[in-house]
Amino acid sequence: MSLTFPNRSRSYDEAGKRIRFVGHDGMFQISFSVAADAMSKMRPGTAANEAGYLAAFDTESNAIRDVASKAYDRTRKSMYVLTAADFG
């Protein structure tokens, strides 16, 4: 099976300064987080708060899911934290 993102929900983790979302590979749920610095890199001028990061995520969601899929294809782990370096 391949990774899919049927659930478009996401949430902001204030303590970790990242946005969480999930993907699915068949019946397996794969957890992803995107670090806030990655959001700021993708969308310069992003407000450094929950609303700003979530808005940037929504705007860049296709690119984020593409990077998440590539990371998953490489290592097939159950949890990933994507950083600015992943968005090269």
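**Helix packing and aromatic pairs in a predicted model**

Helices H2 and H3 are roughly perpendicular to each other, a label given to angles of 65 to 115 degrees, where under 35 would count as roughly parallel, over 145 as roughly antiparallel and the rest as oblique. Their axes come within 5 Å and cross at roughly 75 degrees; each axis is a line fitted to C-alpha atoms, for helices over the stretch in contact, with angles running from 0 to 180 degrees between N-to-C directions. The contact (heavy atoms within 4.5 Å) is made by Phe57, Asp58 and Thr59 on the H2 side and by Ser61, Ile64 and Arg65 on the H3 side. By class, two nonpolar, two polar and two charged residues take part in this contact of H2 with H3. Here Ala, Val, Leu, Ile, Met, Phe, Trp, Tyr, Cys and Pro count as nonpolar, Asp, Glu, Lys and Arg as charged, and the others, Gly among them, as polar.

The model is predicted, with local features needing pLDDT of at least 70 and side-chain atom pairs counting only at pLDDT 80 or more, while totals for chains, interfaces and linings use all residues. Residues are numbered from 1 along each chain as its sequence is written, and side-chain values use heavy atoms, with hydrogens and water left out. Helices (H or I, at least four residues) and strands (E, at least two) are DSSP runs numbered from the N terminus.

Helix H2 spans residues 50-59. At its start, a side-chain oxygen of Asn49 reaches to within 3.3 Å of the backbone nitrogen of Ala51. This is a polar contact, defined as a pair of N or O atoms within 3.5 Å; within protein, one must be able to donate a hydrogen and the other to accept it, and residues adjacent in sequence count only if both atoms are side-chain atoms. Further along H2, the buried residues are Gly52, Tyr53, Leu54, Ala56 and Phe57, where buried means under 20% relative accessible area, exposed over 50% and partly exposed in between (1.4 Å probe, protein chains only). The elements that cover them include E2, E3, strand E4 (28-35), H1 and helix H3 (61-75). Ala55, also in H2, is partly exposed because its relative accessible area is 41%. The C-alpha atoms of Ala55 and Arg43, twelve residues apart in sequence, are 9.8 Å apart in space.

Turning to the aromatic residues, the structure holds seven aromatic pairs. A pair of rings is described by the distance of the centres and the angle of the planes. Rings of Phe, Tyr and Trp (its six-membered ring) pair if their centres lie within 6.5 Å, with planes under 30 degrees apart counting as stacked, over 60 as edge-to-face and the rest as tilted. The pair of Phe5 and Phe21 is tilted, because the ring centres are 6.0 Å apart and the planes stand at 40 degrees. This pair links distant parts of the chain, 16 residues apart: Phe5 is in the loop between strand E1 (3-4) and strand E2 (11-13), and Phe21 is in strand E3 (residues 18-25). Both Phe5 and Phe21 are buried. Tyr72 and Tyr80, by contrast, form an edge-to-face pair, at 6.3 Å centre to centre and 75 degrees between the planes. Tyr72 counts as buried at 5% relative accessibility, and Tyr80 counts as buried at 6%. Ring pairs link Phe5, Phe21, Phe32, Phe57, Tyr72 and Tyr80 into a cluster.

Several loop residues complete the picture. Lys17, in the loop between E2 and E3, has a positive phi near 50 degrees in a residue other than glycine, and is partly exposed at 42% relative accessibility. Arg76, in the loop between H3 and strand E5 (79-82), likewise has a positive phi, of about 50 degrees, although it is not a glycine; its relative accessible area of 44% makes Arg76 partly exposed. Ala48 sits in the loop between helix H1 (36-42) and helix H2 and is exposed, with a relative accessible area of 67%.
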